[in-house]
Amino acid sequence: MSARTAVIILNWNGEKLLRKYLPSVVRHTDPAVGTVIVADNGSTDGSLEYLRKELPQVRTIVFNENLGFAEGYNEAIRLTAGEFDYTVLLNSDVEVKDDWLTPLFRFISARPEVGALQPKLLSAEEPDRFEYAGAAGGFLDRNGYPYCRGRIFDTVEEDRGQYDTPMQTDWATGACLMVDNAAYLEAGGLDKEFFAHMEEIDLCWRLRLAGKQVWAIPDSRVYHLGGGSLPVSDPRKTYLNFRNNLLMLHKNLPDGARRGILLRRRLLDTVAWAKFVLSGDTADAKAIWRAHRDFARMRKSYTVHPKANLLDPHRNILFDYYVRARKRYSTLDN
């Protein structure tokens, strides 16, 4: 049987991460199910030399320049979609164990209604804990705030098997995101204007608007280092998170809901800005201001909006977390 899944790792000057994590991907990926491919974004370090000498069995796609995260994956999938039915967009800082890919493949290949899914995402540094970037499946509340089974805001749970059932979700983590290639391309792929952060949530939202489902499949487990691109406290990360969340809401909400929800978000973001100012964190406060300024400019590029509002009208995760002290997904009213 020829492999029907491309496992694509996007690389840019990431030789150290490739040396540390790629051997586990090659070792634990059944070649009858998946083909491991490194798409190189114009690296100038020793990445390609390492692959040529140490892992010649790994296929490579070489771009002459750095296309960025979103467009790099988009182009890699365009080039391989004719050969493969599915693609796993796998971060270069993910370690895999056992037969991690087969449970994902079996699930998506048996269900044409599924457009994307993820495994259980655990921490590479603390393997008994979920990893922030997706845990056991992601959701959005009425104001567009993301949270997960296993992680709400900064509270990350220990994995005790409490979320070991497959579940339909709102979004799947970009650290290990399996997609149906036809659905991915039809939805337009990742939005390159996001640059980084929340681009996978935006993609999953568009897939769901197109009638596809998103799932988390805990039978598969992978281990994510996380924080490799930007540290948690980096103002650049604050800027991208606030800007991209606003862009995502503007793009994917219908006219009747968009204005009210964006108004609430701007008020809530003003509270966050004031908190940074009062605590003396001027860098993050300026990042929020820049995020709103650039959102006002960038939103003009998005003129087509859906007719359906897919946000949960009943969930207010800020109220649940800060007022009701519901810090874990299992304590929410689901």
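The model is a predicted one. Trp273 belongs to helix α8, which spans residues 255-278. Its relative accessible area is 38%, so Trp273 is partly exposed.

Glu126 sits in the loop that runs between β6 (114-123) and β7 (138-140). With a relative accessible area of 46%, Glu126 is partly exposed.

The loop between β6 and β7 also holds Ala135. Ala135 is not a glycine, yet its phi is positive, about 45°. Most residues other than glycine have a negative phi. Ala135 is buried, at 0% relative accessibility. Met198 is another residue other than glycine with a positive phi, near 70°. Met198 lies in the loop between α5 (181-187) and α6. Its relative accessibility is 12%, and Met198 therefore counts as buried, the cut-off being under 20%.

Helix α6 covers residues 199-209. The helix is mostly covered, with 10 of its 11 residues buried. The buried residues of α6 are Glu199, Glu200, Ile201, Asp202, Leu203, Cys204, Trp205, Arg206, Leu207 and Arg208. Gly211 follows α6 and has a positive phi, near 95°.

Cysteine pairing was examined across the whole structure. The search finds 0 disulfides. Cys176 is in no disulfide, and the nearest cysteine sulfur, that of Cys204, is 12 Å away. Cys204 is in no disulfide either; for Cys204 the nearest cysteine sulfur is that of Cys148, 11 Å away. Cys176 is buried, with a relative accessible area of 0%. Cys204 is likewise buried, at 0% relative accessibility.

Salt bridges were searched for in the whole structure as well, and 22 were found. One of them joins the side chains of Arg52 and Glu49, with N to O at 2.6 Å. Both residues lie in helix α2 (residues 47-54), and they are 3 residues apart, about one turn of the helix. An α-helix has 3.6 residues a turn, so residues three or four places apart point the same way. Arg52 is exposed, with a relative accessible area of 54%. Glu49 counts as partly exposed, at 36% relative accessibility.

A salt bridge also forms between Arg59 and Glu83, whose closest N and O atoms are 2.9 Å apart. This pair links distant parts of the chain, 24 residues apart. Arg59 is in strand β3 (residues 59-63), while Glu83 is in the loop between α3 (69-80) and β4 (86-90). Both partners are partly exposed: Arg59 has 34% relative accessibility, and Glu83 has a relative accessible area of 46%.

In helix α9 (residues 282-298), Asp294 and Arg297 are 3 residues apart, about one turn of the helix. Their side chains meet in a salt bridge, with N to O at 3.8 Å. Asp294 is buried, with a relative accessible area of 9%, whereas Arg297 is exposed, with a relative accessible area of 52%. Other salt bridges share partners: Arg315, Asp320, Arg324, Arg326 and Asp333 are joined into one network.

Arg236 and Asp284 are 48 residues apart in sequence, and their C-alpha atoms are 8.3 Å apart in space. Arg236 is found in helix α7, residues 235-252. At 38% relative accessibility, Arg236 is partly exposed.

Terms used. Residues numbered from 1 in each chain as written. Predicted model: local features only at pLDDT ≥ 70, side-chain atom pairs only at ≥ 80, totals over all residues. Heavy atoms only, no water. Helix = DSSP H or I, 4+ residues; strand = E, 2+ residues; numbered from the N terminus. Buried < 20%, exposed > 50% of the residue type's maximum accessible area, 1.4 Å probe, protein only. Disulfide = S-S within 2.5 Å. Salt bridge = Lys/Arg side-chain N within 4 Å of Asp/Glu carboxyl O.
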